[in-house]
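Subject: Structure handover and findings

Hello,

Here is the structure for your own work. My notes on it follow below.

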Amino acid sequence: MKTDVVIIGAGPAGIFTAIEMLRLGSKKNIVIVEKGQPVEKRRCPKIKTGKCMNCKPYCHITTGFSGAGAFSDGKLSLSVAVGGDLPNLVGEQLAQETIDYTDKIYLEFGADEHIEGLGHEEEKKEIRRNAIKAGLRLVDCPIRHLGTEKAQDLYGRIEKYLLDNGVEIFFGYECTNLKFEGDTCIGAYITNGRENLEIDADDVVVATGRRGADWLEKLCTEHDIHHHAGTVDIGVRVEVRNEIMEKVNDVLYESKLVGYPAPYKNKVRTFCQNPGGFVSQENYDNDLAVVNGHSYKETKSDNTNLAILVSHNFTYPFNQPIEYAQKVGELTNMLGAGHIMVQRYGDILDGKRTWEKELSQANVRPTLVDAVAGDITAAMPYRAMTNIINFIQAMDQVVPGFASNETLLYSPELKFYSNKIEMDADFNTNVKGLHCLGDSSGWTRGLMMSSVMGVLMGRKLV
């Protein structure tokens with residue numbers, strides 16, 4: 001078939017490319033190819049079974065319309081200080097203006113008008129003062145919280161808007177390769193396992209998200225799409241009682257703290273804080289189980305969870321950071337018999353594993369009930385583990401009680417966006433007709449900045 005624009009991946013970047021084209025009155029034919037299902041058909045059986053069923057052929061939490069966004073905590077970061085390196089590519093002023101513009105689109109589709117993290121200036125000063133004393137930097141960023149369950153409704157309305165306005169979406173189809181004619185990308189090969197199709201297009205937009213980063217890296221190598229290895233994040237998800245995080249939750253909602261702890265001075269940061277949230281499991285196509293966090297608008301737990309991530313930037317001759325992170329995750333999964341592992345912070349310091357009985361007697365009860373108690377240090381690289389321990393000790397100066405013996409650490413938490421595609425400010429690659437967006441491009445991290453990149457792409461394609 002022939003179309004004007006084909007978008008690979010129905011995550012925020014791909015979705016907002018189509019939305020902006022429609023809003024600007026484009027008459028071009030738009031096709032979106034999505035490996036997963038529509039929002040209304042995405043179902044995680046764990047709600048009924050109480051444990052991860054390792055769904056095949058893909059995990060419904062990470063795959064489907066809106067990508068992981070529909071089943072994540074649904075937080076929109078409203079500042080250029082958060083969300084990746086896109087401002088370096090297009091300029092901070094344009095990035096911030098587009099954040100504000102994109103935020104209004106989210107409001108039109110039903111996002112909560114309340115913004116977290118505004119006001120409380122004196123309390124913020126105190127938190128920042130304590131962070132400075134601890135050698136950490138507080139990144140002040142307003143947050144619009146969609147909520148896990150509310151995000152699904154919102155993206156459902158976006159899905160209907162696109163379909164009602166003539167966007168053709170191929171659900172259940174996987175892109176196996178891109179189609180080339182000389183040095184020009186002219187389309188994509190897709191399949192649903194029964195039917196193989198070729199889609200020819202004037203412009204091909206690849207926006208496959210974090211879960212598609214590995215696939216895109218292989219395509220780059222095969223077709224000489226210029227790119228370079230960037231950052232990969234390896235870390236843990238930490239869970240504490242709400243009482244420990246109460247002040248930070250009330251004042252900031254999400255405390256984005258960055259540090260460079262001794263002795264290695266790697267960048268370590270907090271990410272995706274979920275007050276009253278739930279630790280969750282996600283599965284990738286290679287059966288890799290990784291940990292994440294969800295935060296609902298109406299259903300709350302007694303705990304707050306957040307990620308602590310250590311950034312790894314590899315240099316010559318190593319150029320396989322995604323595979324490196326996957327190996328760390330696979331080793332952890334092996335020790336946990338295919339499950340997420342959890343360990344108490346005090347046990348890590350004491351050099352012992354955690355036992356199920358110890359978890360059942362503690363103040364902090366795991367919200368990921370099928371996590372396996374064990375020893376995450378047996379799989380986590382020494383450098384990363386040292387960075388995490390030292391960062392937690394610094395965090396304790398900002399949030400007293402954060403480094404308590406009962407604090408829970410889940411592993412592995414991995415972020416795959418290391419393959420940074422070389423592009424100009426119009427998102428043109430060295431291959432004519434090919435554009436790469438969102439987290440898989442290596443330029444963004446998270447819902448809002450991916451959506452912003454989609455909006456800017458839509459303006460170029462209109």
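Predicted model: local features only at pLDDT ≥ 70, side-chain atom pairs only at ≥ 80, totals over all residues.

Ser66 sits in the loop between α2 (46-49) and β3, and its phi is positive, about 85°, although it is not a glycine.

Overall form

The chain contains 13 helices and 21 strands. Its radius of gyration is 21 Å, close to the 23 Å that the globule rule gives for 462 residues, so the chain is as compact as a globular protein of that length. Along the principal axes, the C-alpha atoms fill a box of roughly 60 × 45 × 45 Å. Of the 462 residues, 60% are buried. Among contacts with a separation of 6 or more, 76% are between residues 24 or more positions apart. The accessible surface is about 18300 Å², and carbon and sulfur atoms account for 49% of that surface.

Charges and salt bridges

There are 51 positive and 62 negative side chains, with the centres of the two sets 3 Å apart. A search of the whole structure gives 32 salt bridges. Three of them are described here.

Glu20 and Arg459 form a salt bridge through their side chains, at 3.1 Å from N to O. Glu20 belongs to helix α1 (residues 12-23) and Arg459 to helix α13 (residues 447-461), so this pair ties together parts that are 439 residues apart in sequence. Glu20 is buried at a relative accessible area of 2%, whereas Arg459 is partly exposed at 31%.

The side chains of Asp85 and Lys420 also meet in a salt bridge, with an N to O distance of 2.6 Å. This pair again links distant parts of the chain: Asp85 is in the loop between β3 (75-77) and α3 (86-90), Lys420 is in strand β20 (residues 419-421), and the two are 335 residues apart. Asp85 is partly exposed, at 29% relative accessible area, while Lys420 counts as buried at 14%.

Glu413 counts as buried at 0% relative accessibility, and Lys415 is buried with a relative accessible area of 4%. Elsewhere, salt bridges with shared partners join Glu20, Arg23, Glu108 and Arg459 into one network.

Helix α8

In helix α8 (residues 242-251), the residues Asn242, Met245, Val248, Asn249 and Val251 are buried. An α-helix has 3.6 residues a turn, so residues three or four places apart point the same way. The cover over the buried residues of α8 includes α5 (121-133), β11 (231-241), β13 (268-274) and β16 (303-313). After α8 comes Tyr253, with a positive phi near 70°.

Backbone points to check

Most residues other than glycine have a negative phi, and most peptide bonds are trans. One joins Ala262 and Pro263, with omega about 5°; Pro263 is in the loop between β12 (256-259) and β13. The other joins Ser411 and Pro412, also with omega about 5°; Pro412 is in strand β19 (residues 408-415).

Ala337 has a positive phi of about 55° and is not a glycine. Ala337 is in the loop between α9 and β17 and counts as exposed, at 63% relative accessibility.

Gly338 is in the loop between α9 (321-335) and β17 (341-344). At 40% relative accessibility, Gly338 counts as partly exposed. Leaving aside residues up to four places away in sequence, Gly338 touches Gln281, Ala289 and Asn333. Gly338 and Glu246 are 92 residues apart in sequence, and their C-alpha atoms are 34 Å apart in space.

Regards

Conventions. Residues numbered from 1 in each chain as written. Heavy atoms only, no water. Salt bridge = Lys/Arg side-chain N within 4 Å of Asp/Glu carboxyl O. Helix = DSSP H or I, 4+ residues; strand = E, 2+ residues; numbered from the N terminus. Buried < 20%, exposed > 50% of the residue type's maximum accessible area, 1.4 Å probe, protein only. Contact = heavy atoms within 4.5 Å. Rg over C-alpha atoms; globule rule 2.2 N^0.38 Å. Areas by Shrake-Rupley, 256 points an atom, 1.4 Å probe, with all protein chains shown as cover. Lys, Arg positive; Asp, Glu negative; His and termini not counted. Charge placed at Lys NZ, Arg CZ, Asp CG, Glu CD.
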